[in-house]
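I opened this notebook to record what I looked up in one protein structure. The entries follow the order in which I consulted it.

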Amino acid sequence: MKLNGISDNPGSTKERMRVGRGIGSGKGKTAGRGVKGQKARTGVAIKGFEGGQMPLHRRLPKRGFWNPFSVDYNEVNLGRIQQAVEAGKLDANAPVTLEALIAAGVVSKPRDGVKVLGNGELKAKLTFQVAAASKSAVAAIEKAGGAVTLLAGAETANA
């Protein structure tokens, strides 16, 4: 047996129908698409259209709610701030602000400010100027000899 002697079984492949080649071909004129209308044109796909019936995505009820007054804080634990102080990225004498935390690489985006959380241990005496702080974080900062100043416009300071 040689490669030039190999062929498919008879009837296993079918030639492609060339449409639109005259009415004598059997698939001429409208090329098997019927006549007129949107679906007779090329490139038409009506997503979600159900023939005039109310589409499923409009029949189902809307869910959820977006609160336009919600706040999105950068949440930072005390342990992470202590790591930055030990690594020399945060100055222990300067106040800890949003700008200082971004410069130190502790947070990446400003968002709506910083909220300090009480997870971890704080040894350095730091002054914080942040949008919010948890009660446990305030207690740990004051225990270490520091102070917390909540910035104006932070209504939910201890939330």
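**Entry 1. Basis.** I note that this is a predicted model, in which local features need pLDDT of at least 70, side-chain atom pairs count only at pLDDT 80 or more, and totals for chains, interfaces and linings use all residues. Residues are numbered from 1 along each chain as its sequence is written, and side-chain values use heavy atoms, with hydrogens and water left out.

**Entry 2. Salt bridges.** I took a salt bridge to be a side-chain nitrogen of Lys or Arg within 4 Å of a carboxyl oxygen of Asp or Glu. By this rule I found three salt bridges.

I looked up Arg59 and Glu50, whose closest N and O atoms are 2.7 Å apart in a salt bridge. For exposure I used relative accessible area with a 1.4 Å probe and protein chains only: buried is under 20%, exposed is over 50%, and partly exposed lies in between. Arg59 is partly exposed because its relative accessible area is 43%; Glu50, at 30%, also counts as partly exposed.

I then looked up Asp72 and Arg111, which form a salt bridge at 3.6 Å, N to O. This pair links distant parts of the chain, 39 residues apart: Asp72 is in the loop between helix 1 and strand 1 (74–77), and Arg111 is in the loop between helix 3 (98–104) and strand 2 (114–117). Helices (H or I, at least four residues) and strands (E, at least two) are DSSP runs, numbered from the N terminus. Asp72 has a relative accessible area of 42% and is therefore partly exposed, and Arg111 is partly exposed at 46%.

The salt bridge between Glu86 and Lys123 spans 3.8 Å, N to O. Glu86 lies in helix 2 (residues 78–86) and Lys123 in the loop between strand 2 and strand 3 (127–130), so the pair ties together parts 37 residues apart in sequence. Glu86 is exposed at 53%, and Lys123 is exposed at 56%.

**Entry 3. Nonpolar core.** I asked which residues of the largest nonpolar core touch the most other members. Of its 22 residues, they are Ile81, Leu101, Val116, Leu126 and Phe128. Such a core is a set of buried Ala, Val, Leu, Ile, Met, Phe, Trp, Tyr and Cys residues joined through side-chain atoms within 4.5 Å. Helix 2, helix 3, strand 2, strand 3 and helix 4 each supply at least two residues of this core, and helix 2 gives the most, with four residues.

I listed the contacts (heavy atoms within 4.5 Å) of Phe128. Leaving aside neighbours within four places in sequence, its partners include Leu78, Ile81, Val96, Val116 and Ile141.

**Entry 4. Ser134.** I found Ser134 in the loop between strand 4 (132–133) and helix 4 (135–143). Ser134 is buried because its relative accessible area is 13%. Not counting residues up to four places away in sequence, Ser134 touches Lys115, Val116, Leu117 and Gly118.

**Entry 5. Ala40.** I located Ala40 in the segment before helix 1, and its relative accessible area of 17% makes it buried. Ala40 and Thr30 are ten residues apart in sequence and 8.2 Å apart in space, C-alpha to C-alpha. Leaving aside neighbours within four places in sequence, Ala40 is in contact with Arg33 and Val35.
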